[in-house]
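This briefing is meant for someone meeting the structure for the first time. It starts with the overall picture and then takes up the sheets and the ligand in turn.

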Amino acid sequence: MNSFSKYLPLLKNAMEELDNWRNSFGELPGDAGVVPEIADIEKLLPELTRRLKENYPFHHPSYAGQMLKPPHPAAWLAYSLSMSINPNNHALDGGPPTSEMEKEVIKDLANMAGYGSEYLGHLTSGGTVANLEALWIARELHPEKWIASTENAHYTHQRMCRILNTRHVTIPVSPEGMPDMNFLDAHAGQIGTVVVTLGTTGEGIVEPLHVIKPWADKHGIRIHVDAAYGGFFKLVAGLEGIDPEPWKLTGQADSIVIDPHKHGLQPYGCGSVLFNDPAIGRFYQHDSPYTYFTSDELHLGEITVECSRAGAAAAALWFTLRLIPLHQTGLGSILLKCRRAAIKLAEGLNQSDKFRLYREPDLDIVCFFPASEKKSTSEVSRLSQEVFQTLMKRDRNPLFLSLFKVSSDTFKSLNPDYIIDCEQTVILRSTLMKPDHENYIPELLHRLEE
Ligand SMILES: *Cc1c(COP(=O)(O)O)cnc(C)c1O
């Protein structure tokens, strides 16, 4: 999957095809005198490639730090082609074919989520804007009530509630990451919408939608599922030790966010939000003096908060999903490799006397920390940072992990033999989001042990 240049002949042929189409509109009226020349571009190119090589090796399994990976070459190819035209999926005026593609992939995502034929949804530039839209609808439907998300939820929910000028409340969680149902009971009257995260960004914890949804129904509370990172695991729920229960009710969530640019093999600029009730379209209602002229059909801009959006993002996702469909044997098979990598790493860490597993992974993020003589949270933090830096800076065989802060109280609950001497504890975190990670775990463990 790593070599992009071997796909260049395909891109070249298809680009020539598009050039023929461009040329079919006739000769341009004289030279517009546009600089620079090809030679100027060629001269500057080495500087760009030199600077790009200053990145971490996101494509390689030795990079297991943040949720980063290059898109699938099929996505890159489709994106590059479409971007040379630069359609805008705001309105059918701006990108008729890519708007159609967007509607098709949204149907695929809605299907995967378990929504019926009635839904409303669109792509967004990312998960944060997608969540903002869902929380905005939450506020519109329950203007006086609170939006609740757990301590492990993405930090942006709280910030988006500030932007929306609506009250946010943080649900405490147990050391195992389970929301405090007593807290929820006590505040049921004030809460309008609960955000349930299926795959938290920090540790990949899948929150118990199967517990919260029936509780919420009893109190007339809405559910928003934030599955920006975890959403595609729905395809393989029940396999490789992934608990199927929380995933069973995604189709009953009032709204759901899934990021194709996280686990859907897409370049950045591709999130999505879905609502199970098309009638919420009324909240988006606006007229535009500039657009919506070419057709009476629904324009995607009429149901999005963002105006201009890359049609290329829709084309890339559409092309990718035609090749790697949203089935257990399609995209699911890639996710299973990531999941197996996490299981293998967790097993290896459990057998190691140099490291300790922080908790059993729910999905493909594994957190752990260096074992030490001195059993204190400050020592764990110090050693984690040292290991993180040392591994990354090695000239030979570097390994890129990330760090993660947990509350020392939670740390102690999971590791009772440690004493608390600082408020937060820094541990190591590895995201195993590339299928190549499955076969790489022995090497990863070897580099850790070294
Ligand atoms: C990544 C992530 C987000 C934010 O999405 P962006 O695409 O980075 O804006 C929100 N929620 C969760 C659970 C995430 O993992």
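## Two strands side by side

In this predicted model, strand 9, which covers residues 365-370, pairs with strand 11, which covers residues 424-431, in the antiparallel sense and over four bridges. Within this pairing, cysteine 367 stands opposite arginine 429, a residue of strand 11. In general, strands of a sheet pair through backbone hydrogen bonds, and they do so either parallel or antiparallel.

**The chain as a whole**

- The secondary structure of the protein chain comes to 14 helices and 11 strands.
- The radius of gyration of the protein chain is 24 Å, which is close to the 22 Å that the globule rule gives for 450 residues, and the chain is therefore as compact as a globular protein of that length.
- Along its principal axes, the C-alpha trace of the protein chain spans about 80 × 60 × 40 Å.

- Another open sheet is formed by seven strands in the order 1-7-6-5-4-2-3, and its pairing is mixed.
- The edges of this sheet are taken by strand 1 (120-124) and strand 3 (168-171); because each has a single partner strand, one side of each is left without a neighbour in the sheet.
- Neighbouring strands in this sheet are turned against each other by 20° on average, with direction ignored.
- Strand 5 (residues 222-227) and strand 6 (residues 255-258) pair in the parallel sense over four bridges, and alanine 227 stands opposite isoleucine 258, which lies in strand 6.

**The surroundings of the ligand**

- The ligand is surrounded by 14 residues, of which the closest are Thr128, Asp226, Asp259, His261 and Lys262.
- Aspartate 226 has a polar side-chain atom that lies 2.7 Å from a nitrogen atom of the ligand.
- Aspartate 259 places a polar side-chain atom 2.6 Å from an oxygen atom of the ligand, and a polar side-chain atom of histidine 261 lies 2.7 Å from an oxygen atom of the ligand.
- Taken alone, the ligand exposes 380 Å², and the protein buries 87% of that area.
- Helix 5 (127-141) and helix 9 (260-263) are the elements that give two or more residues to the shell around the ligand, and helix 5 gives the most, with three residues.
- Sorted by class, the shell around the ligand has two nonpolar, nine polar and three charged residues.

Definitions and conventions:
Residues are numbered from 1 along each chain as its sequence is written. This is a predicted model: local features need pLDDT of at least 70, side-chain atom pairs count only at pLDDT 80 or more; totals for chains, interfaces and linings use all residues. Side-chain values use heavy atoms; hydrogens and water are left out. Two strands pair if DSSP finds at least two bridges between them. A residue is near a molecule or strand if one of its heavy atoms lies within 4 Å of it. A polar contact is a pair of N or O atoms within 3.5 Å; within protein, one must be able to donate a hydrogen and the other to accept it, and residues adjacent in sequence count only if both atoms are side-chain atoms. Accessible areas come from the Shrake-Rupley method with a 1.4 Å probe; for residues, only the protein chains shown count as cover. Ala, Val, Leu, Ile, Met, Phe, Trp, Tyr, Cys and Pro count as nonpolar, Asp, Glu, Lys and Arg as charged, and the others, Gly among them, as polar. The radius of gyration is taken over C-alpha atoms; the globule rule is 2.2 Å times the number of residues to the power 0.38. Axes are lines fitted to C-alpha atoms, for helices over the stretch in contact, and angles run from 0 to 180 degrees between N-to-C directions.
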